[in-house]
Amino acid sequence: MAKFQCKCGATLSNSHAPNDVELIVYDDREWDDIINSGDLIAPFTMPSPRYDVWRCNECERVYVFEENVVIKTYAVEDDT
Ligand SMILES: [Zn+2]
């Protein structure tokens, strides 16, 4: 996965590292499993999160991907 078009029209890309699009998100059970695995935790041995999570910097929508397919989209609500 390298590029994705947000519903607002912005093109999201993770081709640069670091970038402002990818969020590293673990749920608490994933994190607990990692911490309790007994393995040494280092940046290059850290397991990837179950889901890829991207945030659009234009509209702040958040997309959750599973195997490169969007399974959830979260959009900021207007509370005014
Ligand atoms: Zn957007």
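These are my notebook entries on one predicted protein model.

I worked on a predicted model, where local features need pLDDT of at least 70, side-chain atom pairs count only at pLDDT 80 or more, and totals for chains, interfaces and linings use all residues. I numbered residues from 1 along each chain as its sequence is written, and side-chain values use heavy atoms, with hydrogens and water left out.

**Overall layout**

I looked up the secondary structure. The protein chain has 1 helix and 6 strands. Helices (H or I, at least four residues) and strands (E, at least two) are DSSP runs, numbered from the N terminus. In sequence order I read the pattern β-β-β-α-β-β-β. The protein chain has a radius of gyration of 15 Å, well over the 12 Å that the globule rule gives for 80 residues, so it is more spread out than a compact globule. That radius is taken over C-alpha atoms, and the globule rule is 2.2 Å times the number of residues to the power 0.38. I also checked the box: along the principal axes, the C-alpha atoms fill roughly 45 × 30 × 20 Å.

**Burial**

I looked up how much of the protein chain is buried. Buried residues are 20% of the 80 residues. Buried means under 20% relative accessible area, exposed means over 50%, and partly exposed is in between (1.4 Å probe, protein chains only). V64 sits in strand β5. V64 counts as buried because its relative accessible area is 11%.

**Salt bridge**

How many salt bridges does the structure hold? I found 1. The criterion is a side-chain nitrogen of Lys or Arg within 4 Å of a carboxyl oxygen of Asp or Glu. The partners are E66 and R50, with the closest N and O atoms 3.9 Å apart. E66 is in strand β5 and R50 in the loop between α1 and β4, so the pair ties together parts that are 16 residues apart in sequence. E66 is partly exposed, because its relative accessibility is 31%. R50 is exposed, at 53% relative accessibility.

**Surface patches**

I looked up patches next. They are made of residues with over 30% relative accessible area and no salt bridge; like charges are joined within 9 Å, and nonpolar side chains (Val, Leu, Ile, Met, Phe, Trp, Tyr) within 5 Å. Areas come from the Shrake-Rupley method with a 1.4 Å probe, and for residues only the protein chains shown count as cover.

Which residues form the negative patch? I noted D27, D28, D32 and D33. Asp and Glu count as negative, Lys and Arg as positive, while His and the chain ends are not counted. A charge is placed at NZ of Lys, CZ of Arg, CG of Asp or CD of Glu. D27 lies in the loop between β3 (22-23) and α1 (28-35). D27 is partly exposed, at 36% relative accessibility.

The nonpolar patch consists of W31, I35 and I41 and covers about 270 Å². I35 belongs to helix α1. At 42% relative accessibility, I35 is partly exposed.

**Backbone**

I looked up phi and omega. Most residues other than glycine have a negative phi, and most peptide bonds are trans. A17 and P18 are joined by a cis peptide bond, with omega about 0°. P18 is in the loop between β2 (11-13) and β3.

E60 has a positive phi, near 65°, and is not a glycine. I placed E60 in the loop between β4 (52-55) and β5 (62-66). E60 is partly exposed, at 48% relative accessibility. From E60 to Y74 I noted 8.6 Å, C-alpha to C-alpha, for a sequence separation of 14 residues.

E67 also has a positive phi, near 55°. E67 is in the loop between β5 and β6 (69-74). At 75% relative accessibility, E67 is exposed.

I finished with A2. Where is A2 placed? A2 is in the segment before β1 (3-5). A2 is partly exposed, with a relative accessible area of 38%. The C-alpha atoms of A2 and L12 are 8.1 Å apart, and the two residues are 10 residues apart along the chain.
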